Amino acid sequence: MRKWIALGGIVFSAACGSSGSDIKCGDGTTLDNGECVPQGSGSGVTCGAGTQLDSTGTMCIPTPPGATGAPTITGISENEGGISGGDLFEIQGTGFAGDDVTALHVYFGATTPGSSGDLGPCEALIGPATATVITGQVPPDCTFSTSITITVQTNLGMATTPYLYDALFLADGDDFYLNEPGHIYVVDPEAAKSFDLGNLVDSQGGTYNLDGMAFAGNTLYGVTTGDSEADLDGVAQLVTIDLSTYDPTAGTVTVTPVSDLFDEADDAIYASDLRVIGTTLYAWGYACSDGCAQGLVTIDPTGSTSFVETSASETSFFGALAVDGTGALTAAPNGAYPDTANGATGELDSVDVGTGALTSTATLDWGIGAPITTMMYAGTTLLGVVDNGTYSAMVYDGETYPSYFGQTLAVIDPTATPIVGATILALPEQIGAQARISAMDIPPTTFVIARQVPTDRWKKLPAIGLEHQPQGSSIATAHANIMNALHRRGAK
């Protein structure tokens, strides 16, 4: 006898009362249609493999299946993947299938079941399961949390194991052409997809554009540009961004202002990037009350802002700041124009946290105008948003300058040639404009958002061709470097 079990449209069979070998009947019995039945006047019946005596003690019948029990998980491959989903996984363990298993689900996050035969909002599509192996496809992250729990659930119980989603969060800076408010995005570099969460707005409906943002644990800080609609006095502000307030209908995320940015002399400070070391917020900023001095800035979340030390004059009003795993700071002040364009020299410098002093690491000039608008370390790899001027140009005072748009994500390696490696990913843009990303950070591995989000709004980002690469760059190598940097747990 064979019993058929259907799990989510996946059908498999199990043999009743068989250990996998042919049934051998004992003395006084004979095999009849898969069962040992009495024959003649035999006594002292001994049952063969896969059979047992019935209650009368005279007949061998198939041994019924044992209880499967609650599932267990002993391993998973892979335990990390891109936030938009799509990777394949294999879960190893026990209790995934059996004669008494009538339901099997795998959830990446909330264990809310689907209805009318549909998958739940956080449920994975799975293939045929054996008692010890489940295979399937990772669903998109349904909360934007970095750290989630995988739950294997049957009608007999459940088992859990951790999983890590990889993602970048980015935000728009000023738009000098369409005058559009800033948006915040989630990007999956592995799949080259982005999710537009929409406008950054406060409780009064005022909109914000960001020049930097950084995670401090589960708190996401941002610094505004000073030209945002909600920068009422034309001064940049420190704000917090609550991703759990994402409203998919309105297309908004709530921003809460903390304080305006003024130094100890009450001069307005404009910050062009933001990073966190311990409990201290650092920015690369400049003030223009007496010339436009730039340098390292500390920002107290309670509102106090001060220069650690000012350095050279600001020449392009672009700057980027990154902190590595040891707490060391790297800055990319000024633009990165070719020297023949306007005389500015792109820099990559190490920064003394105590004094703000800069030590040159590399020169960022290359064949086109390409300032670094924001950068960060992912592991030991330095990633930068490059304003790639090959897309278009702008004219000012009769001179043509590389555009501040057409941005791409690149690896910055001072030991390599070229310093700015192949740009493998075009960054998200609003309709009718090119990308203007000016803030970027990667969430911590423990990041959790208590907010379910739609998973059908991911959009493919355009591919970057060789015509947009510096000479000698390798797209494949840069892509591998970025993926290795973002995969912080588990092998890919």
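Trainee: What makes strand β23 and β24 a pair, and in which sense do they pair?

Mentor: In this predicted model, strand β23 (residues 280–287) and β24 are joined over seven bridges in the antiparallel sense. A pair requires at least two bridges, and seven are found here, so the two strands count as paired. Within the pairing, Trp 284 stands opposite Leu 296 in β24.

Trainee: Why is strand β24 called mostly covered?

Mentor: Strand β24 spans residues 293–299, and five of its seven residues are buried. For the chain of 492 residues, buried residues make up 50%. The chain has two helices and 37 strands.

Trainee: What makes Ala 110 partly exposed?

Mentor: The relative accessible area of Ala 110 is 33%. Buried means under 20% and exposed means over 50%; the 33% of Ala 110 lies in between, so the residue is called partly exposed. Ala 110 is placed in the loop between β10 (104–108) and β11 (125–126). Ala 110 and Thr 151 are 41 residues apart in sequence, with a C-alpha to C-alpha distance of 8.6 Å.

Trainee: Why does Thr 252 count as buried?

Mentor: Thr 252 has 18% relative accessibility. The limit for a buried residue is under 20%, so Thr 252 counts as buried. Thr 252 is found in strand β21 (residues 252–260). Leaving aside residues up to four places away in sequence, Thr 252 touches Leu 197, Asn 199, Val 201, Thr 245, Tyr 246 and Asp 247.

Trainee: How do you know that Cys 122 and Cys 142 form a disulfide?

Mentor: The S to S distance of Cys 122 and Cys 142 is 2.0 Å. A disulfide requires sulfur atoms within 2.5 Å, so the pair qualifies. The structure holds one disulfide. A disulfide is a covalent bond between the sulfur atoms of two cysteines. The link of Cys 122 and Cys 142 is right-handed, with 95° about the S-S bond.

Trainee: Which parts of the chain does the pair link, and are Cys 122 and Cys 142 buried or exposed?

Mentor: Cys 122 is in the loop between β10 and β11, while Cys 142 is in the loop between β12 (133–137) and β13 (147–154); the two are 20 residues apart. Cys 122 has a relative accessible area of 1% and is therefore buried under the 20% limit. Cys 142 is buried as well, with a relative accessible area of 1%.

Trainee: What makes the pair of Tyr 163 and Tyr 165 edge-to-face?

Mentor: Twelve aromatic pairs are counted in total. For Tyr 163 and Tyr 165, the distance is 5.2 Å centre to centre and the angle between the planes is 80°. Tyr 163 and Tyr 165 are both buried.

Trainee: Why is the pair of Phe 169 and Phe 215 called edge-to-face?

Mentor: The ring centres of Phe 169 and Phe 215 are 5.7 Å apart and the planes stand at 70°, so the pair is edge-to-face. Phe 169 lies in strand β15 (residues 168–172) and Phe 215 in strand β18 (residues 210–216), so the pair ties together parts that are 46 residues apart in sequence. Phe 169 and Phe 215 are both buried.

Trainee: Which residues have the most contacts inside the largest nonpolar core?

Mentor: That core has 46 residues, and those with the most contacts inside it are Ile 91, Val 106, Phe 108, Phe 144, Ile 241 and Leu 243. Strand β20 (residues 237–247) gives the largest share of this core, four residues. Apart from it lies another core, of 18 residues, among them Val 187, Ala 378, Leu 425 and Ile 437.

Trainee: Why are β7 and β11 said to stand at the edges?

Mentor: The open sheet consists of four strands in the order β7-β9-β12-β11, with antiparallel pairing. β7 (72–77) and β11 each have a single partner strand, so one side of each is left without a neighbour in the sheet. β11 and β12 run antiparallel and are joined by two bridges. At least two are required, so the two strands count as a pair. Ile 126 stands opposite Gly 136 in β12.

Methods: Residues are numbered from 1 along each chain as its sequence is written. This is a predicted model: local features need pLDDT of at least 70, side-chain atom pairs count only at pLDDT 80 or more; totals for chains, interfaces and linings use all residues. Side-chain values use heavy atoms; hydrogens and water are left out. Buried means under 20% relative accessible area, exposed over 50%, partly exposed in between (1.4 Å probe, protein chains only). Rings of Phe, Tyr and Trp (its six-membered ring) pair if their centres lie within 6.5 Å; planes under 30 degrees apart count as stacked, over 60 as edge-to-face and the rest as tilted. A nonpolar core is a set of buried Ala, Val, Leu, Ile, Met, Phe, Trp, Tyr and Cys residues joined through side-chain atoms within 4.5 Å. Contact means heavy atoms within 4.5 Å.
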